[in-house]
Every structure is written in structure tokens, then in C-alpha cells.
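Kindly read each point with the structure in view.

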Amino acid sequence: MSLSSASFSLGSEPVTVRSTGPFSGLVICVTGLSKEARKQVMEATERLGGHSVDLNHSYSFSGRKFEHALKHGLKNGLFIVTLGWFVDGVKKNVRLSESLYTVKGVGEHGTRVDELNRLVSTSSESSCLPSGFHDAKKIDMVEKQHARFSRSDPKNSMDLMLSGHTLYIDSDISDELRNKVLETASKEGAAVINRWFVGCNASHVVCEANSIYQYIGHSNNIVTPLWVLKTSRDRYVQRLVHMSADLARQIGTSLETSQNGTAVEVNNVANSSQDTLSFRTTTSHAERQQIVNLAKTRVRNRRSRRMQTCQVPIRPISPSSLLDSICWSISEPTSTASIFTDSCSGESEFFDANGDGKDSGASFANTTRSLTESEKNELIFKNHFLTILFPVDRFSEMGPSARTYFSDNGFTCLQVLDHIYSFYQENLSSHEIEAAIHTDSRHAERLRVVYSSKLTAECGGNVIFKRIDFLGSRRSFELLKRVSGDNNSNVYELLIRA
């Protein structure tokens, strides 16, 4: 199989390439396939925006044309790829990198083609295409028949308010309303597609307010079901508001942020173990349902962003460290945090090559300054989940205590510092105290005194001892270091020193 991104003419017949779809601008030539398999490839190519022509008619990876394309194709912009490139691309609805599927020699990958030809020849229902493609092809045939009907009567086409438009109806619209929109769109001459992706040929996306954020900035016309119904009823196309794509994407982000803003309090409560206990006992059934619905909405939001590209994105590589330039004592409020700035003073910037130990005239010093507002609000970690391993005791005998945090928009510098400060302002939990009384430090000795006191026994054995007090002088923040072994990890160890 070979493909080219250049438009050209085959004999006297010009090749026309569709302007939309993942294969837009590609001319795909097939070789080594049976007649039935070749037909399936041609149909899928045209469906996804490309054009297919025959390279040769032999059913093997051989022949003078194929060998010539293999030898001279790459320098002329022609890729020679295996059938796997096409099949995987159709399944994921994207154009994949050709470098992963390149054919390097005559006869390579011939086994897979032979298996496909046998599969197609033994069953008329077998296909090299994903199962959903054939249903989409049937819809496309209906659309073409509808278009031919509209063109057959010019007068009728002028009376149809949505003639020439293609609509996609969002799946979250209720069945009853969806049926009304479908009926109206069909009556007004519009075509309807059942799949949407960035760059598809839908001229209008029909959705409601709750789903608008996933389309804004990616579709030219976003309308409501009411817009379609009113256009048909009033016999004129309703007004549309236009804006640039970059502004639309900014608005989409703002809408999503404001939608999630009401949950900030809930997140802060959930991130504290003691507050979580009181939260569990005081929230009503209705409040719990609201929290669960909000969580489900966020999950759907993240899922829809993945669906926009029709593939699951690769997990991004997380930074090896976070906040390594911050100067701060974890016992102090986060407003006291500052940032290191390297400064150099002196007359010379060069190393003393003489090695005589004399002062070369240059000195380096670390100075600090307060964090600016932009630095406080800088997004330092883009994942939705962040797990921090907190040191608990003075000499790390107990090992770290893990705490996982969630943020729908990632974590800013100030958010992470607030989480660290809040953790150490809490009291040690009962199970931590049971282990802490066995550690070796003067702070553990103080804890043992409180633990065994008569007052504690009279109060029901409830020991109140802050985490920050159990650390002693170990309070100077260094950095958050990603745990070793996984460069996609969202688990970081907090490093602090005395």
C-alpha cells in the first residue's frame, strides 16, 4: 500500500480529494490485495476524506511498479506502508505515523495480506474495517440519496431551510427531543451524521448547554435543538454569533472552570482527614447525591476531551521534581514562601585556575524574594491526581504517610504548598500515635508523656499532638521529588530538612 499527500491526475481523469476527514489530502494506492479487500479499502478511504487508485493489479508484494515505488517513492513524497497502517488508522479515525508501518523490502508483510485475502474470500461478512464503519456507510448512502433528491427539484431545494447543511446531534440530548430534531432536519433538507470528531464534515453541532464546552472552539456552528425547530417554524435561519477559534477555546475553558468552581469547598474538605470525618457525619443524602453527580460530570468531561481526537492520549511525562526553587518553612503559612534567585557579585566571572586558594574576586550567593501572584498561580502539575509522601517523624523511622489530592484543572504552586501546610497542621491519627510512641527522639518522649498521662485517660484516651510538633526542627522545605521507576508517575516524595 502506498500513499501520497500530493494531488495529481491519473491519465486524463483528475483526482479530487475531500477537504475534511483524517485522510484528507491523501491519495492511497493499494497492491497485494484481493478484489474484495481492495474494494473495502477504497470505500473506507473515500469515507474518511481520501482518494484511492490502483497501483497495479497483481495480488502480491512484487511487480515492477511496486519495486519502483519502493526504490524511488520516499524521496518523491510517497510512503510505502503495510496494511496495518490503514486498518489501525480506520479503527482510531486518525492518520497514524507512516514511519511505524514502513515496508522496507519486497515481500515484507505478505503473510498478513494473504491471511486477509483468505478471510475476505471465505466470508462475505468479514472485513478489514471496524464494525461501526459499515453502519456509517449505510448512513452515508442515505445522505447521498437525499442529496440527489434535493438536487432534482431546484425549487424544492430553495424552500428547504437547512438544505446543504450537515448536522451532528449530541448524544446527551433526550430521545424525544432528538427524534424531533431528526424529523425537522430531514424535512428541511439537512443531512445528519452519527459520529463527531475534530475536523469532521458537520456544519452544525446540535447540543444543549451542559455539553457545549467539548465543541466550542472545534466547530464553526454550535446550535441548540430549539434553534433547529425555530428555523423550521419561522422559515428563516436563526441568528448565529460568530467568534474566532482561539477566543472560542478560551471561552470553553472558562465555562469548564466556572462549572467546576462550585466544588472547590468540597475538594478542600475532602483533602483533610479530620474534616473528612466531620463531613461524612454532617452531609445529608441530597448533598451526597450532588457531590456524586459533580464527580460523574468531571469524569465525563475528561472522557469527552479524549474522544475529541478519537484516541486515548499517551500519559504525559511528569516532571522529575516540583517546587525545587522554593524557600519556605512548612510550619509557617504559605504567604511566607519565597523563591531563590541566584546572584553573582565581584569583578571576575572566571574560576581560579592557579589553585592558590586566594580570593578570585567573585562570590556567589543565594538570595530570595517573595513569590509574585503569577508564580503563585502557575500551573506546576497538569495531572488530575497528585499523591504526596509526607515524612512523619524526626528521623524517618516510621516511613512516609501518603495523601492523594484531586484537582480537575491540575495543581498550582500555591495549591500544593497549601496542601503541605494543612497536612502538618493536623493532629496525628490514632493509628499513627500507636506507632509513633515507639520511635527514638525527644519529640517521641514528649508524645509518650502525653499518651500515658492521667488527663488523657480521663478524656477517653484521645491524644492531641500536632504533626508539625512531632517533626521537631525538620521543617525546611526542599522540593517534591518524583518516585523512581515510572516517568509518568503522579507520586512525589516531600523532602524536608532540619
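1. Cysteine 413 is buried at 4% relative accessibility, where buried means under 20% relative accessible area, exposed over 50% and partly exposed in between, with a 1.4 Å probe and protein chains only. Cysteine 29, with a relative accessible area of 10%, is likewise buried. The number of disulfides is 0, a disulfide being a pair of cysteine sulfur atoms within 2.5 Å.

2. The model is predicted, so local features need pLDDT of at least 70 and side-chain atom pairs count only at pLDDT 80 or more, while totals for chains, interfaces and linings use all residues. Residues are numbered from 1 along each chain as its sequence is written, and side-chain values use heavy atoms, with hydrogens and water left out.

3. The protein contains 18 helices and 20 strands; these are DSSP runs numbered from the N terminus, helices being H or I of at least four residues and strands E of at least two. Of its 498 residues, 39% count as buried.

4. Strands β16 (residues 385-390) and β20 (residues 491-497) run parallel and are joined by 3 bridges. Isoleucine 388 has tyrosine 492 in β20 as its bridge partner.

Note on methods
Two strands pair if DSSP finds at least two bridges between them.
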